[in-house]
Every structure is written in C-alpha cells, then in structure tokens.
Amino acid sequence: MDLIEKELSKEVIFRGKILNLEKYNVELPNKNTSTREVVNHPGAVAILPVDNEGNIYLVKQYRFPIRKVLIEIPAGKFDSPNENPLECGKRELAEEIGKQANKWVELGYIYTTPGFSTEKIYLYLAKELTEVGVNPDDDEFVEVLKVTTDEMKEMIKKGEITDSKSICAFYKYLLL
C-alpha cells in the first residue's frame, strides 16, 4: 500500500520569529482529500553533558506554552537554517550551563511531534567538560542542576523529567 500523501495546495497562515504555520490540502492514499496544518520549525540541538565523574548537567526553566517549570538537558534552536548542529550545540552548552566539551558524541536525532511539526532535534553527548562561564540569552533564565545517572533515572521514573528530548538523549546515552 502506498502511504504517501500528495500535496495539492499550500497556504501560509503565519510567519513568525521561530516558526511558520502552513495549511496544506492533500490527496490521501485512497484518493480522498484532507487538510494538514504544519508548524515549520528551524530545528534544534540538545546536549547531554556528562562530567568526568559521570554527573549529568540539567537545566530548570519555565516553559511558557505549557505554563510549567521543566527540568531538561541544555538545548537551543538553530540561529540560521544552515547552522551546523554541532556548532549550535557548542554555543548552547556554553550559554546555558557555562561549559565547553572536549569530546562530542552524536546520539542521532528525533522528530518531536511529526503529526504537525517539522521540528528535528539533533542529540549530542558532551564529555570532558571545562568551565567557561554562563552566558545566557537576554530572555533566558535557567537554574543548573547536577545529578547522577541513578538520580536522573529516578527523576524520569517519578515524572520529574517529562521532556522528550531529555529522556531520549539519556536513553541513547545508556545504550552506548
């Protein structure tokens, strides 16, 4: 069975600073038509920083769309569509937790919500950390936490960490 949906038309609904919203009319595999609303996102990088003792660095920050403070791994969106994921990761690691890493390991990528968004997050493990000083964006307020692997497992188990990119990166790290 052919599962591909054919684009028939596209309408730009909204163009914003970090995302665009488009509405598509599509032909389904059974030849019926339907509508798809797509949030176009530039992409992002998330970093699991692990020090030489095996501690993991996390950030607590308020997420306005869900009106909650979340515990997450450091992350950030691309500054431009052609930005190199690793360079973005290096910048975000320094900005959010004030560290740089001498060793980087690619952990792959995830699509966060492919039912309506193009957002793709590249995942990295950052090791051999050194201090460079925190330099957050003007609109970014984070608290840095340092936890052990077992503590992070427990935080995920208890629902204290519910952020998908953090859980995925941690799981991929455990598989190494």
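Figure 1. An unreviewed UniProt entry lists residues 39-169 as "domain: Nudix hydrolase". The coordinates shown here are a predicted model.

**Figure 2. Two domains of the protein chain.** Domain 1 covers residues 6-40. Domain 2 covers residues 44-174. Their C-alpha centres are separated by 30 Å. V39 and N40, two of the residues that domain 1 buries against domain 2, also fall within the span 39-169 that UniProt lists for the Nudix hydrolase domain.

**Figure 3. The interface between domain 1 and domain 2.** Interface size is often expressed as the accessible area lost when the parts come together. Here, domain 1 and domain 2 bury about 390 Å² between them. Carbon and sulfur atoms account for 54% of that area. On the domain 1 side, I18, V39 and N40 supply 69% of the area buried against domain 2, more than any other three residues. In contact terms, 5 residues of domain 1 meet 4 residues of domain 2.

**Figure 4. Polar and charged pairing across the interface.** How many salt bridges are there between domain 1 and domain 2? The count is 0. Polar contacts are present: 2 residue pairs, with both residues at pLDDT 80 or more. The side of domain 1 that touches domain 2 is made up of 3 nonpolar residues, 1 polar and 1 charged.

**Figure 5. The salt bridge between R36 and E5.** Side chains of opposite charge can pair when their charged atoms come close. The whole structure holds 12 salt bridges. One of the pairs joins R36 to E5, with the closest N and O atoms 2.8 Å apart. This pair links distant parts of the chain, its residues being 31 apart. R36 sits in strand β3 (residues 33-40). E5 belongs to the segment before β1 (6-15).

**Figure 6. Backbone at R67.** A negative phi is found in most residues other than glycine. R67 is not a glycine, yet its phi is positive, at about 55°. Where does R67 lie? Its place is the loop between β5 (56-63) and β6 (68-72).

**Figure 7. Backbone at E128.** E128 is another residue other than glycine with a positive phi, near 55°. E128 lies within a strand, β9, which runs over residues 120-131.

Notes
Residues are numbered from 1 along each chain as its sequence is written. This is a predicted model: local features need pLDDT of at least 70, side-chain atom pairs count only at pLDDT 80 or more; totals for chains, interfaces and linings use all residues. Side-chain values use heavy atoms; hydrogens and water are left out. UniProt positions are given in the numbering used here, feature names are shortened, and annotations may be inferred rather than shown by experiment. Domain bounds come from an automatic or database domain assignment. Contact means heavy atoms within 4.5 Å. Buried area is the accessible area (1.4 Å probe) that two parts lose on being put together, summed over both. A salt bridge is a side-chain nitrogen of Lys or Arg within 4 Å of a carboxyl oxygen of Asp or Glu. A polar contact is a pair of N or O atoms within 3.5 Å; within protein, one must be able to donate a hydrogen and the other to accept it, and residues adjacent in sequence count only if both atoms are side-chain atoms. Ala, Val, Leu, Ile, Met, Phe, Trp, Tyr, Cys and Pro count as nonpolar, Asp, Glu, Lys and Arg as charged, and the others, Gly among them, as polar. Helices (H or I, at least four residues) and strands (E, at least two) are DSSP runs, numbered from the N terminus.
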